[in-house]
Amino acid sequence: GMAHITGGGLENNIKRVIPEHLSINIDKDKIIVPEVFNFLKIKGNLNNDEMFQTFNMGIGFVLITSKTESIKIKKLLPNILEIGFIH
């Protein structure tokens, strides 16, 4: 699956493309947050949940693949960031 991450946050956008009986596990510590988001967080007095919900912390597009396919994709796109899994 693929999800264009717009307003509504990572989880809400990803939920739109996976079956209802599955759940999402995102490791937010793996996301490399651009400095501009830290600036917005401080100036806006926002917490991490609000930042991920509103700004997605720089994640704009998500691919959802099987483990086998993710290995192939990582070879093709070595800079791709694995941020979690579906179960």
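Predicted model: local features only at pLDDT ≥ 70, side-chain atom pairs only at ≥ 80, totals over all residues.
Q: Is F61 buried, partly exposed or exposed?
A: The relative accessible area of F61 is 47%. Buried would need a value under 20% and exposed a value over 50%. F61 is therefore partly exposed.

Q: Which residues does F61 touch, not counting residues up to four places away in sequence?
A: One of the residues in contact with F61 is M2, which is itself placed in strand β1 (residues 2–4). Not counting residues up to four places away in sequence, F61 touches M2, A3, H4 and I5.

Q: What separates the C-alpha atoms of F61 and N13?
A: F61 and N13 are 48 residues apart along the chain. Their C-alpha atoms are separated by 9.7 Å.

Q: Which residues form the nonpolar patch on the surface?
A: The patch has about 610 Å² of accessible area together. Among its members, M2 is exposed with a relative accessible area of 55%, and F61 is partly exposed. The patch is formed by M2, F61, L63, L76, L77 and I80.

Q: Why is the pair of F37 and F55 tilted?
A: The structure holds 1 aromatic pair. Its rings, those of F37 and F55, have centres 6.0 Å apart. Planes under 30 degrees apart would count as stacked and over 60 as edge-to-face. The pair is tilted because the planes of F37 and F55 stand at 50°.

Q: Which parts does the pair of F37 and F55 tie together?
A: F37 lies within residues 35–44 and F55 within residues 48–55. The pair therefore ties together parts that are 18 residues apart in sequence. F37 is buried at 13% relative accessibility, whereas F55 is partly exposed at 31%. The parts tied together are helix α2 and helix α3.

Q: Which ring does the charged end of K28 sit over?
A: The charged end of K28 is 4.7 Å from the centre of a ring. That ring belongs to F52.

Q: Is N45 buried or exposed?
A: N45 is in the loop between α2 and α3. N45 has a positive phi of about 50° although it is not a glycine. Its relative accessibility is 70%, so N45 counts as exposed.

Q: Is N56 buried or exposed?
A: N56 is found in the loop between α3 and β3. N56 is not a glycine, yet has a positive phi of about 60°. With a relative accessible area of 5%, N56 is buried.

Definitions and conventions. Residues numbered from 1 in each chain as written. Heavy atoms only, no water. Patch = residues over 30% accessible without salt bridge, like charges linked within 9 Å, V, L, I, M, F, W, Y side chains within 5 Å. Areas by Shrake-Rupley, 256 points an atom, 1.4 Å probe, with all protein chains shown as cover. Salt bridge = Lys/Arg side-chain N within 4 Å of Asp/Glu carboxyl O. Helix = DSSP H or I, 4+ residues; strand = E, 2+ residues; numbered from the N terminus. Buried < 20%, exposed > 50% of the residue type's maximum accessible area, 1.4 Å probe, protein only. Phe/Tyr/Trp six-rings, centres within 6.5 Å; stacked < 30°, edge-to-face > 60°. Lys NZ or Arg CZ within 6 Å of the ring centre and 35° of its normal. Contact = heavy atoms within 4.5 Å.
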